[in-house]
Every structure is written in C-alpha cells, then in structure tokens.
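Visitor: I have a new model up on screen. Can you walk me through it?

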Amino acid sequence: MPILSVQHRTTYRYRRPVSFGEHRIMFRPRDSYDQRLIEATLDIAPEPATLRWLFDVFGNCVAVATFDTRAETLTFACGITLEHTPEHAPVFPLAPHATHFPFGYGAEDMPDLARSIERQWPDPRHEVDAWARSFLPADGRIPTQELLAAMTRGVRANFTYLARSEKGVQDPLTTLRGRRGSCRDFAVLMMEAVRALGMAARFVSGYLYNPRNDRARHVGGGSTHAWLQVYLPGAGWVEFDPTNGIVGNRDLIRVAVTRDPAQAVPLHGSFFGLASDDLGMRVEVDVVELPGTGANPVSTAPILHQGSAPSPAR
C-alpha cells in the first residue's frame, strides 16, 4: 500500500518586527484504519514560548502556539508521513433499511447526528432542495449509494472548478447559480443538498494526492483540499469529493472533520501591529508517494492558503 509524504510550509511576512497572538494549527492527519500516521513533525520559527496539543470537539488534533518574541517573519513547517489504504471500488455495506433512499436514522443515532442534518444556509426559493431532488427518479426511491455517487459526479461534470483566494466559503446558492467554485464551495453545496434530503453530512479538510504521471486525474491536487462525509447506517461516515467525482477515500488525506467549514481552518492566529505591516503570506505544499510504494511524486508550486491569515490587532 502507498506511503505518502506531505510537506506543508506557511510563511507570514511583515514590514517590521511585530508580536504575535495565539495561533491554532490543524495539520496533523486523523489516524484511522484507512490512513495510518507514521510520523508528523511541526517546526515553528521563531520558536514559540509554549506549544500544547489538544483534541477539539470533533476529535481533531490541534496545536496551540503562543509567542513572547517579535519578528518580521513567522513560519510553520509541517511534515507528514502516512500509510494510505485507498478504496479503488468502494462498496459500502449499508444496513438493510438504508440500502435505498429514503431511509431514516435510528433513535440512538439522532441525538448525535441532528446538528449535522440541520441546514446551515438560507434557501428561500428552495433552489438547493430542487437541485438535490433532481437526482431522484419519479417515484423518489433509488439505491442510496447510486444517489450520492450521481450527485458527486454531477458536480464534477457540470460545474467549473475555480481556485479562489478569498477567505471563507461561497454561499451555496451562488455556487449553484454560477456553476463554479472552489473545492470548499462544492463541498458545502453538496452538504446542504444531502441535508435537504434528510441525511447527515460534515465538512472534511485535508490534502489531495495527484500523481505527476496522471495530472488529468484530479483538479486542485497537491494543495489543501476539501470534501465531505455522509453518515450511512451500516457504513458509517463515507467520503465524497464532488470536486473530482471521488466516491470513497482514494487519493484523499483526511486531516480534520467538522460540522461547519469555519471550524476546519488549517492555521489561524493574529499579530499585533498596523494593518500596513502585513506583507502577505506564502504557502508551499508538496505531496509525494515515497519511492518503491507506487506512483511518481507530484510537487506543487506555491499556492495561496485557503484558510485565514492572522488578523491585525492593536
């Protein structure tokens, strides 16, 4: 099985030495049966005064750094090595009552799934609802896996991927009407669509592996990436990447899962100074498959971070 390596480096630059507030770092992948973490390193310059680790409310691993020095640059360099077990042709063992849509969740699951079923964005004219139901046959009954696969691949076929440097997520109605957006925009649109059908969905942040010898395989490869999971009785949380039409975990490196994308920002913090002190940031991400474990490596050029930059404070 392939061994993947990720190098993720973020550098903030300032016009003069500034001081820094607390920074929260969410780079460490979730260790699971389908991705086994072998090694993870985190180097920060200047060296933080304190660095502590915690699990957030969703069980994501978060590092929290504080600083007692001033500097003109602030750098976070994360190195990850993990064993990845891809599902090339995923067939999910659904519970008998969930093999076809519509289905319901059991009473024991509903207290934990309720917030993941709730709609998060306004849809006054029910446009997202209508789009979700366009994948249903006339009688409304369809194999559950077929429904979700059709929706996932429908985004890939009918929407245009657009790398956006703006912070945050696009309104799902904007994504639907314009038929274009970034990976996080497509993930949120499909989350709202499956929630409209009564299913639980959550946001996933991580990395996408895109082999150099097959660059047409995916879009958005080699950078921070976003997709979603849907909870299916009998199978649990299942991955769907509408940006690339991926059903299952193939080429997806999971770092964080959250109810809302704002809870999955990879790096967030602040600095103390003038807004004009901020000279921007540079992000470099390399995702490779280590020699002898499969495909050739892919290396990306510097990209703009999809999370939030430190906010100036006085």
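Visitor: Which residues of helix 1 are buried?
Guide: In helix 1 (residues 110-117), Leu113, Ser116 and Ile117 are buried. Buried means under 20% relative accessible area, with a 1.4 Å probe and protein chains only. Helices are DSSP runs of H or I, at least four residues, and strands are runs of E, at least two, numbered from the N terminus. This is a predicted model: local features need pLDDT of at least 70, side-chain atom pairs count only at pLDDT 80 or more, and totals for chains, interfaces and linings use all residues. Residues are numbered from 1 along each chain as its sequence is written, and side-chain values use heavy atoms, without hydrogens and water.

Visitor: What do they pack against?
Guide: Helix 5 (183-196), plus strand 11 (201-208), strand 12 (224-232) and strand 13 (236-241).

Visitor: Zooming out, how many helices and strands are in the chain?
Guide: Five helices and 20 strands.

Visitor: And how much of the chain is buried?
Guide: 53% of its 314 residues.

Visitor: New topic. How many disulfides?
Guide: Zero, taking a disulfide as a pair of cysteine sulfur atoms within 2.5 Å.

Visitor: Cys78 and Cys183, buried or exposed?
Guide: Cys78 is buried, at 5% relative accessible area. Cys183 is buried too, at 1%.

Key:
Buried < 20%, exposed > 50% of the residue type's maximum accessible area, 1.4 Å probe, protein only. Contact = heavy atoms within 4.5 Å.
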